[in-house]
Amino acid sequence: MSTSTNAIEALVNREYKWGFVTEIEQDVAPPGLNEDTIRLISSKKNEPEWLLEWRLKAYRHWLTIKEPTWHNVHYPPIDYQGISYYAAPKKKELQSLDEVDPELLRTYEKLGIPLEEQKMLTGVAVDAVFDSVSVATTFKEKLAELGIIFCSFSEAAQEHQELVRKYLGSVVPYTDNFFATLNSAVFTDGSFCYIPKGVRCPMELSTYFRINAASTGQFERTLIVAEPGSHVSYLEGCTAPMRDENQLHAAVVELIAHDDARIKYSTIQNWYPGDKDGKGGIYNFVTKRGKCLGRNSHISWTQVETGSAITWKYPSCMLIGDNSVGEFYSVALTNNYQQADTGTKMIHVGKNTRSTIVSKGISAGHGQNTYRGGVKILKNATGARNYTQCDSLLIGDKCGAHTFPYIEVKNSTARMEHEASTSKIGDDQIFYCNQRGITKEDAVNLIVNGFCKEVFRELPMEFAVEAQKLLSVSLEGSVG
Amino acid sequence: MLEIKNLYVKAGNHEILKGVHLKVNAGEVHSIMGPNGSGKSTLAQVLAGRETYEVTRGEVLYEGKNLLEMAPEERACEGVFMAFQYPVEIPGVSSAQFLKAALNAIRRARGLEELDAMEFLALVKQKFKVLGVDEKLLHRSVNEGFSGGEKKRNEIFQMALLEPRLCILDETDSGLDIDALKIVASGVNGLRSPGRAILVITHYQRLLNYIIPDYVHVLVEGRIVRSGGKELALELEEKGYALIEGGAGAAAPGRR
C-alpha cells in the first residue's frame, strides 16, 4: 500500500497551556554582560570568593571563544548584551514555604507541582527554580535524616562548600564549550544533590524550572553526587511563558557516580516552543554529562523533549569505572518550526563498559529533528559494548529527520550494534483507525505513543503518564 | 438502512462508478460481484469515507442520513464497518490498545460508558472464544507480521467486537485457503441478525457457498448490470462475467 500524505497536513499548534506570566515584583539586573554582572550575581548569592574567581575565569575564557556552528539548527545571532542575567522575585531570605509569595505558589500550582508537604502521597521532593532563584525545596528534613542533601545550588555553595568545590566543573569543565562556559560565568541557581554511601534515596527528587521574567536568560546548574552504593532518581521539568522574543536557556548538569552507585536522570522539557509560525520560543542550549567514575556504576538519562524553539543537548556518559553502564533514552518532538539537534556521547574508558542508546525522533509540521550521537571506545576499554537504536517518525511532508551517528573504536574486542529506521504515519494507517471510530488526532497519538513506548518505559510511572499527555498536546492539530 | 442513488465516483481523472443504485434493508445480506476493475472496492471505500475518491453525483443515505457528509470516524461510530481487503499494519501499537481506543470511541458516540482495562479484557476474551482467535494477538502490533489469513480473521474479529449495523466485507476471501475461508465465513454468519445488514464484495462465488446472500448484484464497468437471488452467483461462476449482458469486464484494466 502506498503511504502518501495527502490527508495529513501541516500542523496547527494548540495554545501552549503553560504560557501565562506571573504578576510578581521582580528584582531584575539590567541587561548586559561584563565582569560587574558576574560580581553582582555572585554577591546577590552571597558566594564564597573562590566561586567568584571560578566564574570570572570562565567569563574571561568565554571572551576568547566563538559560538559553535557545527550543529544542524539555524537561528539569528543571539545578542548576549541584550539579556538580563539575573531576575528574582522580590523577597529576601526564605525560611519556609509560608514566606513564599502566594502568587508564586499559585504559579506552581497551575503547573501541577505539589509544593506543599501535605501532598506527601506523591512521594516527590521538589526544588522549584523561578527565573534565577530557587523558591522552595520540599521534604528537606526528611531527606536530611538519611544524610541526603537536596537543596538549591546557591545554598549548597554556602553550606556545603567542600563538596561543591570538589565536584563543580569536574565533569563539565568551564572550558568545555561556548554555552557551558557562559553558564559557568553567569549561572544563577539550580539544584544540588548528594547521596551518601549506601543510601537509596526513598523518593523521586525533582526540580521544576520556570522562566518568568521577560528578556532574561536562565542559566541553572545542577550537580548530583552519588557516593558508593547509593541510588537516586531525579527528574526535572521546565516551562516558560509565551513571549514573542526568543529567550536563552543555557544549563549545565553534572553527575558523578562512584562505585556501584546508580543515577537515573529524567527530563521532561516543555519550554515554550514558539507559535505556529515559529515566532518566539526558548533557545535551549544545554550541556549534560555524567561521569561513571566507580566500578559497576550506572548512569541513565531519559529525556522527553517537546518544547523549545531550538533544542541543543547531548546528555552523555563517561564510562571510566570498569563494568560501568551508560544509558540514553530519548524522545524528541519537533512541531511547527521547532528545531532539535540532540543525542548523546558515550565514552568507553574502562573495561567491560556497556552503553545503550535509544533515540526516537518525531517530526511534524516544518519541524527539523536531528539525532547526533558519538560512541567512542578507547584503547583500554576491553570488552566494551554499545547498542544504538535510532528511529525517526515523520508526520506530514514538510518536516525533516536527520541522523549523524559517529563511531570511533580503538579496541578490537568492542562489540557495536547500530539500528536505525525512518517511518512515516501514512494516510492508510490514519484511515484504518478512522474506520474503527478513532479520530485522526487520536490515531496520531496512538501511533506516536506506540513509537515512543521503549522510552516511556524508562520514565518513573507518574511521569510516563505526564509525558504521554504532553506529547498528545504538542501534536494536537497535527493532522488536517 | 442503506440507499445508494445514482452514484458517480472519480479517482483523479478516472471515472470509476457511473450511476450505481442499491438499496439494502436491515437483516439482509447482499453480495456485490464483479470482475477486476469494475469498481467494487471503490464502492466499499466510498461508503467507508476514503478521501482519495471524489463523488461527482448522486447520494448515499444511511439510516435516512446523508452518509457522504460524515467523516469516516463518524460513520464508524454510527455503525458502518468495513473489513479491509488489505488490513493496514500499525507497528508499535498493540492490538489491545487499538481495539480499546476503537471500542471506547464508538461506545462514547453511542452514549455508553467507556470500558476500563479489566472490562475490556473480559469482553475481548469472550469474543475471542467465539471466533477461536488466539489471545496472544492482543499483545502483537496491529496486523504487523500477521499472515494473510490472520489479518482477515482479525478484521472479522474487530467486526464482532464493535457490533456495527452495516458491515462491508471488501474481498475478505482474497488470499484465503479453504480452512481460513470457512472460519471467516462462520464468523460472519454468526453476526447475521435482523438489525444488521451485510454487504459482501467478492470476485469469486466461492465465499457465497458459506455466506449465503439474499441478493446478488453484478457490477460491471461502474454500473450494476444485473441483480438477482443467490442463484445468480452460480450462474456467474458457470458463464463468467464476460457473458453477462453489457459486460466487457474481462478486458477492463486491472485494479485492486
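Predicted model: local features only at pLDDT ≥ 70, side-chain atom pairs only at ≥ 80, totals over all residues.

Trainee: Great. How do helix α2 and helix α7 of chain A pack?

Mentor: Helix α2(A) covers residues 49-62 and helix α7(A) covers residues 178-186. They pack at an angle of about 145°, and their axes are 7 Å apart. The crossing of α2(A) past α7(A) is left-handed.

Trainee: And which residues make the contact?

Mentor: From α2(A) you have Trp54(A), Arg55(A), Ala58(A), Tyr59(A), His61(A) and Trp62(A). Facing them from α7(A) are Phe178(A), Thr181(A), Leu182(A), Ser184(A), Ala185(A) and Val186(A). By class, the contact of α2(A) with α7(A) has 8 nonpolar, 3 polar and 1 charged residues.

Trainee: What about α8(A) and α9(A): is that crossing left-handed or right-handed?

Mentor: α8(A) passes α9(A) in a right-handed crossing. Helix α8(A) is residues 427-435 and helix α9(A) is residues 440-456; their axes come within 9 Å and cross at roughly 115°. On the α8(A) side, Gln429(A), Ile430(A), Cys433(A) and Asn434(A) take part, and on the α9(A) side Lys440(A), Ala443(A), Val444(A) and Ile447(A) do. The contact of α8(A) with α9(A) divides into 5 nonpolar, 2 polar and 1 charged.

Trainee: OK, switching to strands. Which strands does β16(A) pair with?

Mentor: β16(A), residues 316-319, is joined by 4 bridges to β13(A), residues 281-292, and the two run parallel. Another 3 bridges join β16(A) to β18(A), residues 339-348, again in parallel.

Trainee: What is the bridge partner of Lys291(A) in β16(A)?

Mentor: Met318(A) is the partner of Lys291(A). Follow Met318(A) across to β18(A), and its bridge partner there is Ile347(A).

Trainee: What holds paired strands together, in general?

Mentor: Strands of a sheet pair through backbone hydrogen bonds, either parallel or antiparallel.

Trainee: Let's hop to chain B. In what order do the strands of its open sheet run?

Mentor: The order is β2-β1-β4-β5 in chain B, with antiparallel pairing among these 4 strands. The edge strands are β2(B), residues 14-24, and β5(B), residues 65-66, each pairing on one side only. Helix α1(B), residues 40-48, packs on this sheet and touches β1(B), β2(B) and β4(B). The direction of α1(B) makes about 110° with that of β1(B).

Trainee: How many bridges join β4(B) to β5(B)?

Mentor: There are 2 bridges, and the strands run antiparallel. Tyr62(B) stands opposite Lys65(B) in β5(B).

Trainee: At what angle do α3(B) and α4(B) cross?

Mentor: Roughly 100°, with the axes coming within 11 Å. That is why α3(B) is roughly perpendicular to α4(B). Ala96(B), Leu99(B), Lys100(B) and Leu103(B) of α3(B) meet Ala117(B), Phe120(B) and Leu123(B) of α4(B). In that contact of α3(B) with α4(B), 6 residues are nonpolar, none are polar and 1 is charged.

Trainee: Last topic: how many residues of each chain are in contact with the other?

Mentor: The contact involves 35 residues of chain B and 20 residues of chain A. Between them the chains bury about 2200 Å², and 64% of that is on carbon and sulfur atoms.

Trainee: And which residues of chain B lose the most area to chain A?

Mentor: Those are Arg50(B), Glu73(B) and Val88(B), together 24% of what that side buries.

Technical notes:
Residues numbered from 1 in each chain as written. Chains lettered and ligands numbered in written order. Heavy atoms only, no water. Axes fitted to C-alpha atoms, helices over the stretch in contact; angles between N-to-C directions. Left-handed = near helix turned anticlockwise from the far one by under 90°. Contact = heavy atoms within 4.5 Å. Nonpolar A, V, L, I, M, F, W, Y, C, P; charged D, E, K, R; others polar. Pairing = 2+ DSSP bridges. Parallel < 35°, antiparallel > 145°, perpendicular 65-115°, else oblique. Buried area = accessible area lost by both parts, 1.4 Å probe.
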